[in-house]
Each structure stands twice: as C-alpha cells, then as structure tokens.
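Thanks, everyone. I'll keep this brief: packing and then charge pairs.

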Amino acid sequence: MTDAPDVAPPAPAGAEAGSTATRPAVEARGLGLTYRTASGPVEALKGVDLVIEAGAFVAFIGPSGCGKTTFLRLVADLEEPTTGTLRVEGLSPREARLARRYGYVFQAPALQPWRTVERNVTLPLEIMGFPPEERAARARRWLALVELEAFARHYPWQLSGGMQQRVSIARALSFDPPILLMDEPFGALDEITRDRLNLELHGLWRRTGKTILFVTHSIAEAVHLATRIVVMSPRPGRILEVIDSPLPADRPLDIRDSPEFLEVAHRVREGLRAGHSYD
Ligand code: ADP
Ligand code: MG
C-alpha cells in the first residue's frame, strides 16, 4: 500500500498480516430504505448514522421488523438505499460486493445436501475459480477454525444444527473476507448449543480480527459478544442508542454473571423500552 500512514494504527487482537484497513469497515450517513409494496410504502429504515471501525464486533438488537436484516442487506448490496449514503471499506456496496469484502451467514445454514462439508465450504472458491489445492487448503484452515476438521467428508445431514451452522460460517470465511455479516445465525439453536457457539465465534473473532455485524434478538448474546451494541426501534427502524461495551476482551461464559455484564444488559433493555420496543 502506497498511501499507508507512517504509523499504522494497532491491528485488532489476532489480526492477520495484511489486514491493514485504515478506513471504517462500514459508514452509513442518513441511511434510509422505504420498500414499495402493493399495499403502499413500508419505511423499514430511517436516518441511520453509523460508523463501524474495522475489527469491531457490532451487535444489532431490536424487535422483529425494525430493519436489522434490511441494514445487512444494504451493506451486502442486496437492496438499494432510498436516502443517504453507505460505504463499505471505503467502497460503494456494489464495489464491495464485487471485491468480495464480506461473507454472509444466514439464520438457516442453507448447505447443499449432496455436497460434503468440505465441498460446501469450498463452493464459493469453486465459483471464484480457485485451483483445487488452494481450495482444499482453505477448507482445512477454516474447518479447523470452527473445530470441524474431523467432519470434512461428512454430509450436512450427518451433522447437528449447530455443526451445520459452523459449516456455513466456514463457508462465509472461505475467501477470507474482512467483514462477516451474520443475521441471527444461532437463532434456531437450543440455548446450550448457542452458548457454546457464542464462545466459539468470539474466539474466532479474536483470532482473525474480522469485522462482524451480528443481528440478534437476544440481549444476552448481544452483550456477551459485542464491542458495540446498536439498539434499534420498531418501524421505521432507527438507531435508539449505541452502547460501547466496557467488558474486557476475554469473555468466558460466566462473564454473564458479572456486575458489568448485567449493567450493560440493563442499559440495552432500558434502551429498547425507551424506544417502545416492548410495546
Ligand atoms: P428485522 O430483520 O429487524 O426483523 P426487516 O429488515 O426484515 O426487519 O424488515 C423491516 C421492515 O421492512 C418490516 O416491516 C418488513 O415487513 C419490511 N420488509 C422487509 N423486507 C421487505 C420487502 N422485500 N418488501 C416489503 N417490505 C419488506
Ligand atoms: Mg431479520
């Protein structure tokens, strides 16, 4: 990079060599989206101003229908804003999509049943034209990171729901994008599995230095994982509050019993309540 500053900002913990992003990962200004429907306009998102630094773990929390998925879809260039601007790593969403700057993890793992775990993970790489050895090496690396290397030759139906979701995370990581968009990835899992995957995802984030945008309904999950929590209101979806987490980087499960954790959870709940998200 020729335009790098003399003194680079410190990389996030565990960041890989080469992730030298100095721009915000995501920058939204006055962002709004109104869907046109047969029964009239639906204002899904309104006046969203948000800057997400590279390496942040940002949780979006709010009631159903407050525009969380819409925000991720805008970042992913799956929708176009009606108002405002959005930059993804300094690029337009379209440029960022073409440059494969993000991986998307959906609520349902959406794996291909006739492909092995390994060949599900390498699917994006096949489409992108990576050679077979490189695909295999990457599958090994990302499956190891989600602790599934022993299951490379299994089929999705041989795995539990939690394992399937870990495969879909490895697939989203396969081309090593700097940003992960995760839309309620653990919403369909039982609480015990979810707790374990929360720990695993947090470890993965610390080791890779990725920027993660994570949508959830769960206050506990949001507070446990995030460095920032974006609290949203019901329609039209707006940002009510952005809470910078005071929790330490190291977050074992029992941090959920700590006074600091309970304090942040309380603030999130109060934020939701003030925005009538409980009405
Ligand atoms: P969330 O993910 O927070 O539950 P969404 O972003 O999915 O919310 O939806 C926000 C609002 O926009 C909701 O009222 C929803 O019904 C509406 N909406 C979402 N997608 C569409 C669409 N493609 N067409 C029309 N309305 C939509
Ligand atoms: Mg949604």
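By nonpolar core I mean a set of buried Ala, Val, Leu, Ile, Met, Phe, Trp, Tyr and Cys residues joined through side-chain atoms within 4.5 Å. Keep in mind that this is a predicted model.

The largest nonpolar core has 46 residues. Within that core, Val 223, Ile 229 and Val 268 touch the most other members. Helix 6, residues 161-173, gives the most to this core: six residues.

Now take Ile 229. Leaving out residues up to four places away in sequence, its contacts include Ala 59, Ile 61, Val 264 and Val 268. Glu 241 is also one of the residues that Ile 229 touches.

That brings us to charge. Glu 241 pairs with Arg 267 in a salt bridge, at 3.9 Å from N to O. Glu 241 sits in strand 9 and Arg 267 in helix 9, so the bridge ties together parts 26 residues apart in sequence. Glu 241 is partly exposed, at 26% relative accessibility. Arg 267 is partly exposed too, at 33%. Elsewhere, Arg 115, Arg 119 and Glu 126 are joined into one network by salt bridges that share partners.

How many salt bridges are there in the whole structure? The search finds 17. One more of them: Glu 89 with Arg 101, closest N and O atoms 2.7 Å apart. Both lie in loops, one on each side of helix 2, so this pair ties together parts 12 residues apart in sequence. Glu 89 is buried, at 8%, while Arg 101 is partly exposed, at 28%.

Conventions. Residues numbered from 1 in each chain as written. Chains lettered and ligands numbered in written order. Predicted model: local features only at pLDDT ≥ 70, side-chain atom pairs only at ≥ 80, totals over all residues. Heavy atoms only, no water. Buried < 20%, exposed > 50% of the residue type's maximum accessible area, 1.4 Å probe, protein only. Helix = DSSP H or I, 4+ residues; strand = E, 2+ residues; numbered from the N terminus. Contact = heavy atoms within 4.5 Å. Salt bridge = Lys/Arg side-chain N within 4 Å of Asp/Glu carboxyl O.
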